[in-house]
Amino acid sequence: MPSPATLLKSLNTIKKDLKEDIDAVFKRDPAARNSLEVILTYPGIHALILHRGAHYLWNHEQKLAARVISYGSRIITGIEIHPAAKIGRRFFIDHGVGVVIGETAEIGDDVTLYHGVTLGGVSQDNGKRHPTLEDGVTVGAGAKVLGPFAVGKNAKIGSNAVVVKPVPANATMVGSAARMISEYHDEKGNPIVAKINDSKQQEKAAKGTITSSDSGTGSDKEQPKTAQQDSANNTTASSARDTAFQAYGIDPSSQDPVAEAFAKMLEHIQQSETRLDQLQAAMCKLDPEFCQKEYDKLCLEDIDVIDQNDVNQADTTNK
């Protein structure tokens with residue numbers, strides 16, 4: 001039987017953890033209005049409280065009791081967390097329905113998951129089978145992170161992405177299978193050092209910590225004031241995006257790689273069509289008997305993957 005001092009210490013720890021969890025909800029969910037509402041109506045909070053109890057029992061060889069609590073938590077909240085999973089501080093599950101966290105999963109501090117997320121395994125071995133999410137990771141709705149690899153600090157997994165390989169720090173992964181969106185990494189996660197001349201910046205890029213203010217070289221100090229102002233504005237915009245509420249782990253300024261590839265293809269096709277028109281006009285001048293033919297031209301509206309902004313931008317460029 002634990003002593004009164006031990007019980008008091010445990011109660012203080014529980015109170016402190018609960019306060020941190022509630023504060024985390026207010027920081028990451030604009031819909032939260034007061035603490036009582038969060039405690040009574042947020043399934044993510046309920047699942048986390050029950051998991052802590054189940055995890056304690058699991059570590060003290062009360063595995064059946066731990067599984068019973070875990071099963072009850074799933075029935076009540078719709079969130080399934082294995083009692084053996086390791087979860088850090090200020091963990092937040094928004095909405096929560098359909099979230100599954102496997103036995104060997106490890107979650108760092110300040111991690112956010114949305115509904116439908118699976119931290120699963122692809123092996124039937126008894127060892128490490130589930131992913132490790134480092135501090136500050138955000139996983140969007142419906143995403144699947146499958147396998148015993150690490151997702152680096154502050155990385156973002158887009159909605160419905162299927163991630164089956166390690167993710168560097170600060171990277172954004174989208175699609176199935178997930179592709180990386182990064183100015184300083186290729187899709188395999190390797191640093192693109194060709195864009196960076198300074199050795200210190202190359203080191204930052206390799207660690208995934210480079211910022212927009214680091215993207216220039218030492219010669220930037222000699223640039224005109226207007227260029228410096230533009231750089232400052234870009235840095236401010238980047239900071240605003242970093243701190244903005246990004247519900248599904250996607251930077252609003254990022255371009256989908258599939259749409260970007262189609263946009264480049266269409267741009268090339270339009271240039272080729274313009275050149276073909278010029279060649280036909282020249283042939284007509286050289287040979288009056290040459291018959292100029294009309295042909296169907298491809299436009300951005302024909303491909304749904306390109307959004308309206310791309311269409312408007314292309315029309316402005318053509319004009």
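1. Contact here means heavy atoms within 4.5 Å. Keep in mind that this is a predicted model, where local features need pLDDT of at least 70, side-chain atom pairs count only at pLDDT 80 or more, and totals for chains, interfaces and linings use all residues. Residues are numbered from 1 along each chain as its sequence is written, and side-chain values use heavy atoms, with hydrogens and water left out.

2. Let's start with Asp21, which is found in helix H1 (helices are DSSP runs of H or I with at least four residues, strands are E runs of at least two, and both are numbered from the N terminus). Leaving aside residues up to four places away in sequence, Asp21 touches Ile45, Leu48, Arg52, Arg90 and Phe91.

3. Is Asp21 buried or exposed? Asp21 counts as buried because its relative accessibility is 2% (buried means under 20% relative accessible area, exposed over 50%, partly exposed in between, with a 1.4 Å probe and protein chains only).

4. Now look at the rest of H1. Its buried residues are Glu20, Asp21, Ile22, Ala24, Val25 and Arg28. They pack against helix H2 (35-41), helix H3 (43-59), strand E3 (92-93) and strand E6 (112-113).

5. A nonpolar core is a set of buried Ala, Val, Leu, Ile, Met, Phe, Trp, Tyr and Cys residues joined through side-chain atoms within 4.5 Å. The largest one has 31 residues, and Ile101, Leu113, Leu133, Val139, Val151, Ile157 and Val163 touch the most other members. Val25 from H1 belongs to a second, separate core of seven residues, which also includes Ala32, Val38 and Tyr42.
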